[in-house]
Amino acid sequence: MRTKLIAGNWKMHGSLAGNPALLQSVASGAATLPTVSFAVLVPFPYLAQVQARLSGSACAWGAQDVSDEVRGAFTGEVSAAMLLDFGCRYAVVGHSERRARHGEDDARVAAKALAAVEAGLTPIVCVGETLAEREGGQTLAVVFRQLDAVLERLGVRRMAGTVLAYEPVWAIGTGRSATPDQAQEVHAALRQRVSNADWVVGGGLQILYGGSVKPANALELMRLPDIDGALVGGASLAADDFLGIGRAAALA
Ligand code: PGA
């Protein structure tokens, strides 16, 4: 049985003054839902604050990106070891917003996932197709290409130290979630792809769904056999919505 993980991707939101109220509500809500795992993925400058506020709580934390380099002349980058210094468990890699805005290709995403795993962080590896790719019948080809780059770079055994997130680009921040059938089809195919290399790793892999998840659609998504939680953007900024998704995961 795979534990469900509800991870809040704050993106470029938050403030030093406003974060404590949200963190406090999330931590106390998470404590009432012990069968579900929670995490918040926050901007780098808030990691110290989040570590101080969430240490010992039922909510883990992490960053939204990590360098593929260990150290050196890489202006603006943050290494996995630095994230570990702030108690991070997770780092998102390959989010579609970074792929699109920062030109992160499959090889770079795979290198970041490897750097994270080698350091002892759990990368949340994002894959997902654009609307044009879906309409062109390319969905599985695209997500397999993105997954295969990571699978080949890490080797299937190291995949056991990762979380996968399927986030159709057309569903992110649009209010338009994938239908349960669309999501389940891709999740099952991703799991099968990993299981073909190692069925134990494939069977144990947590695969999150992301893209306009909210309390109103969470239960039908979380009930699907190959959906093991959610990567939540907009709805992670309001404690009631984020915890509502967590309650759906507990019920599912
Ligand atoms: P959204 O974002 O929930 O606001 O659609 C999800 C994500 O990009 O991780």
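This is a predicted model: local features need pLDDT of at least 70, side-chain atom pairs count only at pLDDT 80 or more; totals for chains, interfaces and linings use all residues.
Gly229 counts as buried, with a relative accessibility of 0%, and its place is in strand β8, residues 229-232.

**Around Gly229**

- Setting aside neighbours within four places in sequence, Gly229 is in contact with Lys4, Leu5 and Ile6, with Ile207, Leu208 and Tyr209, and with Met222.
- Gln206 is 23 residues from Gly229 in sequence, and their C-alpha atoms are 7.7 Å apart in space.

- Asn9 belongs to strand β1, which covers residues 4-9.
- With a relative accessible area of 5%, Asn9 is buried, because the cut-off for that term is under 20%.
- A polar atom in the side chain of Asn9 lies 3.0 Å from the backbone nitrogen of Lys11.
- A polar side-chain atom of Asn9 also lies 3.4 Å from an oxygen atom of the ligand.
- Beyond residues up to four places away in sequence, Asn9 touches Leu41, Gln64, His95, Leu231, Val232, Gly233 and Ser236.

**The rest of the ligand's surroundings**

- Which residues come nearest to the ligand, out of the 13 around it? They are Lys11, His95, Glu167, Gly173 and Ser212.
- For Glu167, an N or O atom of the side chain is 2.6 Å from an oxygen atom of the ligand.
- Gly234 takes part through its backbone, where a polar atom is 2.8 Å from an oxygen atom of the ligand.

**Glu104, a buried charge in a loop**

- You will find Glu104 in the loop between α4 (96-102) and α5 (106-119).
- Is Glu104 buried or exposed? Its relative accessibility is 8%, so Glu104 counts as buried.
- The side chains of Glu104 and Lys112 make a polar contact at 2.9 Å.
- Leaving out neighbours within four places in sequence, the contacts of Glu104 are Asp65, Gly94, Arg98, Arg99, Val109 and Lys112.

**Aromatic rings**

- The structure holds two aromatic pairs.
- One of them joins Phe38 and Phe242 in an edge-to-face arrangement, with 6.0 Å from centre to centre and 70° between the planes.
- Because Phe38 lies in strand β2 (residues 36-41) and Phe242 in helix α12 (residues 239-251), this pair ties together parts that are 204 residues apart in sequence.
- Phe38 and Phe242 are both buried.
- Another ring to look at is that of Phe144, where the charged end of Arg193 sits over the ring at 4.2 Å from its centre.

**Cysteines**

- How many disulfides are there? The count comes to zero.
- Cys59 is in no disulfide, and the nearest cysteine sulfur, that of Cys88, is 12 Å away.

Notes:
Residues are numbered from 1 along each chain as its sequence is written. Side-chain values use heavy atoms; hydrogens and water are left out. Helices (H or I, at least four residues) and strands (E, at least two) are DSSP runs, numbered from the N terminus. Buried means under 20% relative accessible area, exposed over 50%, partly exposed in between (1.4 Å probe, protein chains only). A polar contact is a pair of N or O atoms within 3.5 Å; within protein, one must be able to donate a hydrogen and the other to accept it, and residues adjacent in sequence count only if both atoms are side-chain atoms. Contact means heavy atoms within 4.5 Å. A disulfide is a pair of cysteine sulfur atoms within 2.5 Å. Rings of Phe, Tyr and Trp (its six-membered ring) pair if their centres lie within 6.5 Å; planes under 30 degrees apart count as stacked, over 60 as edge-to-face and the rest as tilted. A charge sits over a ring if NZ of Lys or CZ of Arg is within 6 Å of the ring centre and within 35 degrees of the ring normal. A residue is near a molecule or strand if one of its heavy atoms lies within 4 Å of it.
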